[in-house]
Amino acid sequence: MKRTPWATAAILLALATTACTGSGAPAQDPASSSGAPAAGQAGDDGGVPASRLDSVRDAGVLKVCTTGDYRPFTYKDPKTGKYSGLDVDMARDLAKRLGVKAEFVDTTWKDLMPDFLASCDIAVGGVSISLERAQQAAFSTATLDEGKTPITRCENVMKYDTIAEINQPGVRSITPIGGTNQKFAEEHYPRGEIIEFKDNNTIFDQIIDGTADVMTTDASETRWVANEHPELCAVHPDQPFNYSQKAYLLPRGDTAFKEYVDAWLNIAEHDGTTAKAEKPWFG
């Protein structure tokens, strides 16, 4: 049979390819020649990507970043160094169900994200969901819906119940350094005086003794503080200035770990674990 020039060229090309690869099989992708699976391919373990769910159990420790200064969610006793708070109890429960120990890592609101990325598997303690944080980490299912609202001395409730009233020269708004409280104050009270305060555990004492006039923070915290300090009153905590949610900070892109944490939160909500953690703080 007479071959056309095109057919002859195709045969020669096939022979050359076989000679280069050493067999009749197609040439191997250099990316897979090292033994590592190429993108989208399954590895020896069936293609399941690495997850904190596995590494935490292998290490026997769940590393939990928390500020320890935001009751009712997290508190570190300066004398004993022991942690308490409803999110602290929840983190311990998560660790228990994973069969590991919870290890708490000190951080501040200013350094929460870099500390979490460098040292922790999860961050808890009244962490608000924000788009800024979502650029670097993931969030669990929301644990609480709320928003920012003022707290002040009870005799001043009517003086500071709107943003316009607080955003006035001479009104001293106190805020912890870093986090969403400071961001809210800087955005909404540019005409007022903003006092940055380092110790969130004693920040409300500044309002009681008259060093500051008001603080705008999460409604859940204002309720707890008003319960602890009869001199202070939460200003319309059921009608906050904005809407926000709290959640637990998780590694970005780790679907397996997030799904586990979300499943645990759902179970905890329905088996009484969450209610037990909240009772000492909210009653």
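**Exercise 1.** Decide whether Asn 181 is buried or exposed in this predicted model.

*Solution.* Begin with the relative accessible area of Asn 181, which is 9%. Next, recall that a residue counts as buried when this value is under 20%. Asn 181 is therefore buried, because its 9% falls under that cut-off.

**Exercise 2.** Find where Asn 181 sits in the secondary structure, and describe what it touches.

*Solution.* Then list its neighbours, leaving aside residues up to four places away in sequence; Asn 181 touches, among them, Lys 148, Thr 175, Pro 176, Met 215 and Asp 218. Finally, look at the side chains, where a polar contact of 2.5 Å links Asn 181 with Lys 148.

**Exercise 3.** Work out how many cavities of 30 Å³ or more the structure holds, and describe the lining of the largest cavity.

*Solution.* A search of the whole structure gives one cavity of 30 Å³ or more, and the largest cavity holds about 110 Å³ of space. Its lining consists of 14 residues, of which Tyr 70, Trp 109, Thr 180, Asn 181 and Asp 218 are the closest to the centre. Sorting the lining by class gives three nonpolar, seven polar and four charged residues.

Notes: Residues numbered from 1 in each chain as written. Predicted model: local features only at pLDDT ≥ 70, side-chain atom pairs only at ≥ 80, totals over all residues. Heavy atoms only, no water. 1 Å grid on protein atoms, 1.4 Å probe; cavity = no way out; pocket = protein on both sides within 12 Å on 5 of 7 lines; lining within 4 Å. Points joined across faces, edges and corners; volume = space filled by probe spheres on them. Nonpolar A, V, L, I, M, F, W, Y, C, P; charged D, E, K, R; others polar. Helix = DSSP H or I, 4+ residues; strand = E, 2+ residues; numbered from the N terminus. Buried < 20%, exposed > 50% of the residue type's maximum accessible area, 1.4 Å probe, protein only. Polar contact = N/O pair within 3.5 Å; in protein donor to acceptor, adjacent residues only side chain to side chain. Contact = heavy atoms within 4.5 Å.
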